[in-house]
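The sequence and the structure come next, and the report follows them.

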Amino acid sequence: MKPKGRVYLVGAGPGDAGLLTLRGAELLGRADVVVYDALVNAELLRMAPKAAEIIYGGKRAKEQAIPQSELNALLIAKARAGKIVVRLKGGDPYVFGRGGEEAEQLADAGVPFEVVPGVSSFVAVPNYAGVPLTHRDFCSKLTLITGHEDPAKEASNIDWIQVAKTPGTKVIMMGTDRIGQIAQTLVAHGMPATTPVAVVRWGTTGRQQSVEGTLATIGEVMAEARIGPPTVAVIGEVVKLRPKLNWFERRPLFGQRIVVTRTREQASELARQLQEEGAEVLEVPTIKIEPPERREDLVDALLELNSYDWLVFTSPNGVTKFFEYFFKQFHDMRDIGGARIAAVGPATARKLKELHLQVDLMPDEALAANIAEAFTEFESIENLKICLLRAEVAAPELPATLEALGAIVDDVACYKTVPETADLTGAAAKLLESGADWVTFTSASTVEHFHARFDLPALLKKFPELKIATIGPETSKILETLGLRPTLEAKDHTIDGIVQALLAAHASG
């Protein structure tokens, strides 16, 4: 029986990926086809299955990747082919977009569809700019207006005389190029020229930019600040609350663009923390994790687990990949045997604790000398058998140091890191086009693969303001081979540590 397709018109929210609804996220996770607009945060595309077909639909005022008629036909054709189609639209599908028109075409074609509301920018953007749309001390009425009507119309349908007379807050969407003209029109029809105005560009994102003025000055203010689309303008007395309520733009790292180079699977924690501090994050993963070349070594280690005195994990990746193979071989955690467990660093320890495994030893730093010292203080490892579970290409100092203490070491690769060259979200293109304030490195391999992809010294020459942050000395050593030194090195060699170091650096100016 031929599967029945369906189109979901999903509001992607105003820009902050965290404002996508749960229903929208669930549908993205099972989409066969995703068609997205220019104002959609491309980070959301990562929620789609890897096999999903991703189609850019464009839809900016002066350019369209796909003409609307062709886009409508595309949605219908994909659904008739039995596909689950998610049509991602910025903000809410039915608020000053063409979601209603697309829904009409689907209905006329007999294609099943569902509309999933989104958080509209007219609500979210003022929120993030510190401007409440209503307030009992200022107003209890809201007027929502588009500044970009259908260009085919001969005359405006907006009754500007009535708009000017209506009390309360006025929100102008898609009016960037006409906001000065709109302000003059409102003044001409009776609004005080001193009425406060705030215009916010790229609201709810790390590159949010806000300007303030009055109806008399806002056109000049915007021209001087060179504010381009997309914007939301708020007109009314509530704008006076912005100095008090402007929470978003006061975050410590607001205005900083920071590149995260971890694998896609690991990037989220660092990216989340940086975003919560106000940064614009470019996730440019330069490595991805794949099975090791010699999987037979890992199979042999699994079969000999009961012979080891210690299992040593040096990264969360090592934990994840080892237990993926472990549970293919065994179905009971007790088959891990009686070995003690060492984890290098708190992140690795947390990964083990998620599996309800006790960590017996946790050196704070991934330096061979520190790990050896931790073992020496715990017990003598002479003649003890240690299984070192880590990446395929890793520094030789650690096994050599443990063997120098008399241990019998099996250095077993659980995974290998290979270059990641895909740019699904366009973050790499943004970096090459306009640079960043910081690039963060959390391992030696991220440095090596980033350099192979972008030529790090050349990138620093192109963007002299770009600074480097590393998670610790082992990562910094690789930079030195390129003739470079990090701007900062985290004292606590963890994700939390690198975030705190960036906060301290920004606070000190």
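Helices (H or I, at least four residues) and strands (E, at least two) are DSSP runs, numbered from the N terminus.

This is a predicted model, in which local features need pLDDT of at least 70 and side-chain atom pairs count only at pLDDT 80 or more, while totals for chains, interfaces and linings use all residues. Residues are numbered from 1 along each chain as its sequence is written, and side-chain values use heavy atoms, with hydrogens and water left out.

**The mixed sheet**

The strands β14 and β15 belong to an open sheet of 5 strands with mixed pairing, in the order β13-β17-β16-β14-β15. Because β13 (287-290) and β15 (340-343) each have a single partner strand, they stand at the edges, and one side of each is left without a neighbour in the sheet. From one strand to the next the twist averages 25°; axes here are lines fitted to C-alpha atoms, for helices over the stretch in contact, and angles run from 0 to 180 degrees between N-to-C directions.

**The parallel sheet**

Another open sheet of 5 strands has parallel pairing and the order β3-β2-β4-β1-β5. Its edge strands are β3 and β5 (113-116), each of which pairs on one side only, and its twist averages 15° from one strand to the next. Strands β2 and β3 pair in the parallel sense over 5 bridges, and D37 has G58 as its bridge partner in β3.

**Helices lying across the sheets**

| Helix | Lies across | Angle |
|---|---|---|
| α2 | β1, β2, β3 and β4 | about 150° to β4 |
| α3 | β1, β4 and β5 | about 170° to β1 |
| α10 (residues 295-303) | β16 (385-391) and β17 (408-419) | about 140° to β17 |
| α16 (residues 444-454) | β13 and β17 | about 35° to β17 |

**Helix α2**

Helix α2 (residues 68-80) has 13 residues and reaches 18 Å from its first C-alpha to its last, close to the 18 Å expected at 1.5 Å a residue, the expected span being 1.5 Å times one less than the number of residues. The buried residues of α2 are Q68, L71, N72, L75, I76 and A79, where buried means under 20% relative accessible area, exposed over 50% and partly exposed in between (1.4 Å probe, protein chains only). Seen down the axis of α2, these buried residues fall within an arc of 135°, so they line one face of the helix; the arc is that of the directions from the helix axis to the C-beta atoms. The face turned away from the buried side of α2 carries the exposed residues S69 and R80. Covering the buried residues are, among others, β1 (6-11), β2 (33-37), β3 (53-58), β4 (84-89) and α3 (99-108). After α2 comes G82, whose phi is positive, near 90°.

**Cysteines**

The structure holds 0 disulfides, a disulfide being a pair of cysteine sulfur atoms within 2.5 Å. C387 is in no disulfide, and the nearest cysteine sulfur, that of C414, is 7.3 Å away. C387 counts as buried because its relative accessibility is 1%, and C139 counts as buried at 12% relative accessibility.

Terms used:
Contact = heavy atoms within 4.5 Å. Pairing = 2+ DSSP bridges.
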